[in-house]
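Let's take a walk through a protein together, starting with the whole chain and then zooming in on one residue. Have a look at the picture before reading on.

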Amino acid sequence: MEIGTGLFTCQRRPDDDRSMGAIYDEMRTLARAIEAADLDSAWVSEHHFADDGYLSGTMPALGAIAAETETIEIGTCIALAPLYDAVRLAEDAATVDLLSGGRATVGLAIGSNPREFEAFGVPREERVERLVDTKRVLEHAWSDGPLDYDPEFHDVSPDVSVTPKPESDVPIMLGGAAKPAVRRAARTADAWCAPSALSIGGLKKRVEDIRTVREEEDIDGDFGVYVLQHGFVGDSREEAWEQMRDGYFYIQRRYEEIFSGDSVDELDDERKAELKEQAIFGTPEQVCEELETYRDALGDDIHFIFRTYHPGVGTDAMVDCVHRLGDEVRPEFA
């Protein structure tokens, strides 16, 4: 089982008096820590028009992470495909892949926030079709020669040759928990990313469905499964929770706003208890025990994205957590 971390969102909480530049410096510091800790990957997330500065420029951020690292996989988890000009995304992602020496993965999803779609002038009801079209543009753009594809949502000639070309295939990962999204990934992508809200039972059901689809439809090639979950590593379960709690609850409150389009002043106690139960935190031994349940259910061939980045909890605390994840947890799953 591979283990990575992130997801860098670069949000500035109301109680954080740092500049946005300092928060982006924190991302670079953590990227160096992830590399030094011998973890497998680092990831960025994406949303737009947020008053806390939620990261919107995924490709520039990955370019910065590429410059700070040498071996780890870097990628988007997740890029909101319907909001992109697909040709520009193909160019930018290929550039990141070249800068990183072939380490980029492009994770895509349909998005949901009504405000983002309205601001970009993209009809929300076209989300799925635009995701499919964007993915096809990427694949054709990265192939040898001209595009040789007439996009439905992008006004570009099939005769144009999109450059640069990546030196090797850039994996495309699709997100989503609904059956159509999971099966779309199984049939058309290189990997699927499971959202953190899924239970282990829900994950197992979807992974089994992916394997069934690919077997029944005789789909060849490797297929990756990426699993997301929030957590933290500390000297004790209580300390780890204390360190991650405020940033974790903050980002979850903001997600409820993003996904609904409505203002959320505070998470209620029931939701906080649910989120605490869902997270993985504690000593390295306790974290290993919980990760083992995922390996038992899903097999060893998964990539666990352990979300240790929680806005405003402190750079030193997150660096220490990353090192403990690499030094004391990762070796148990090598």
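What percentage of the 334 residues in the chain do buried residues make up? The answer is 54%. Keep in mind that you're looking at a predicted model.

Now for the overall build. The chain has 11 helices and 10 strands. Its radius of gyration is 19 Å, close to the 20 Å that the globule rule gives for 334 residues, so the chain is as compact as a globular protein of that length.

How does the chain meet itself? Take the contacts with a separation of 6 or more: 71% of them are between residues 24 or more positions apart.

The accessible surface of the chain is about 14500 Å², and carbon and sulfur atoms own 44% of that. As for charge, there are 34 positive and 70 negative side chains in the chain. The centres of those two sets lie 4 Å apart.

Time to zoom in on a single residue. Find strand β8, which covers residues 224-233, and you'll find Q229 in it. Is Q229 buried or exposed? Its relative accessibility is 1%, and the cut-off for buried is under 20%, so Q229 counts as buried.

Who are its neighbours? Leaving out residues up to four places away in sequence, Q229 touches several residues, among them Q278, Y294, F304 and R307. S196 is on that list too, and here there's a detail to spot: the side chain of Q229 reaches the backbone oxygen of S196 at 3.1 Å.

How values were computed. Residues numbered from 1 in each chain as written. Predicted model: local features only at pLDDT ≥ 70, side-chain atom pairs only at ≥ 80, totals over all residues. Heavy atoms only, no water. Helix = DSSP H or I, 4+ residues; strand = E, 2+ residues; numbered from the N terminus. Rg over C-alpha atoms; globule rule 2.2 N^0.38 Å. Buried < 20%, exposed > 50% of the residue type's maximum accessible area, 1.4 Å probe, protein only. Contact = heavy atoms within 4.5 Å. Areas by Shrake-Rupley, 256 points an atom, 1.4 Å probe, with all protein chains shown as cover. Lys, Arg positive; Asp, Glu negative; His and termini not counted. Charge placed at Lys NZ, Arg CZ, Asp CG, Glu CD. Polar contact = N/O pair within 3.5 Å; in protein donor to acceptor, adjacent residues only side chain to side chain.
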